[in-house]
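This briefing covers surface composition, charged pairs and helix geometry. Please read it alongside the sequence and the coordinates.

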Amino acid sequence: MSVAEVKNLSIGEKLQIMEAIWDDLRSRFDGLDVTPEIRTLLDNRRARVQDGESRLLDWDTVKGTIGRA
């Protein structure tokens, strides 16, 4: 699929493609080791959520906000 073809897709079609790509990437990389830098970043983000400084949103919630801004 070319860039021009992607630009002609609807937002819904683009989101479906993105979800398929993320699902594929997740299945491929779930077993890989995380670098210490990424582990620190993730640990810090988790701590901010636990401390109430940040809020964790599930993908369905985030999808519902796309295009509303």
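A residue is called buried under 20% relative accessible area, exposed over 50%, and partly exposed in between, with a 1.4 Å probe and protein chains only. By that scale Asp23 is partly exposed, with a relative accessible area of 42%. The model is predicted, so local features need pLDDT of at least 70 and side-chain atom pairs count only at pLDDT 80 or more, while totals for chains, interfaces and linings use all residues. Residues are numbered from 1 along each chain as its sequence is written, and side-chain values use heavy atoms, with hydrogens and water left out.

**Nonpolar patch**

- Met1, Val6, Ile17, Met18, Ile21, Trp22, Leu25, Phe29 and Leu32 make a nonpolar surface patch of about 890 Å².
- Patch members have over 30% relative accessible area and no salt bridge; nonpolar side chains (Val, Leu, Ile, Met, Phe, Trp, Tyr) are joined within 5 Å, and like charges within 9 Å.
- Accessible areas come from the Shrake-Rupley method with a 1.4 Å probe, and for residues only the protein chains shown count as cover.
- Helix H2 (residues 11-29) supplies the largest share of the patch, six residues.
- Helices (H or I, at least four residues) and strands (E, at least two) are DSSP runs, numbered from the N terminus.
- Trp22 is located in helix H2 and counts as exposed, at 54% relative accessibility.

**Met1**

- Met1 sits in the segment before helix H1 (3-7).
- Its relative accessible area is 70%, so Met1 is exposed.
- Apart from neighbours within four places in sequence, Met1 is in contact (heavy atoms within 4.5 Å) with Val6, Leu9 and Ile17.

**Salt bridges**

- Side chains of opposite charge can pair when their charged atoms come close.
- The whole structure contains five salt bridges, each defined as a side-chain nitrogen of Lys or Arg within 4 Å of a carboxyl oxygen of Asp or Glu.
- One of them joins Lys63 to Glu19, with the closest N and O atoms 2.9 Å apart.
- Lys63 lies in helix H4 (residues 59-65) and Glu19 in helix H2, so this pair ties together parts that are 44 residues apart in sequence.
- Lys63 is partly exposed, with a relative accessible area of 26%, and Glu19 is partly exposed, also listed at 26%.
- Arg26 pairs with Asp23, the closest N and O atoms being 3.1 Å apart.
- Both Arg26 and Asp23 belong to helix H2, three residues apart, about one turn of the helix.
- Arg26 counts as partly exposed at 48% relative accessibility.
- An α-helix has 3.6 residues a turn, so residues three or four places apart point the same way.
- Asp43 and Arg46 form a salt bridge at 3.1 Å, N to O; both lie in helix H3 (residues 36-50), three residues apart, about one turn of the helix.
- Asp43 is partly exposed, with 34% relative accessible area, and Arg46 is partly exposed, with 44%.

**Helix H3**

- H3 has 15 residues and reaches 21 Å from its first C-alpha to its last, close to the 21 Å expected at 1.5 Å a residue.
- The expected span is 1.5 Å times one less than the number of residues in the helix.
- Gly52 follows H3 and has a positive phi, near 85 degrees.
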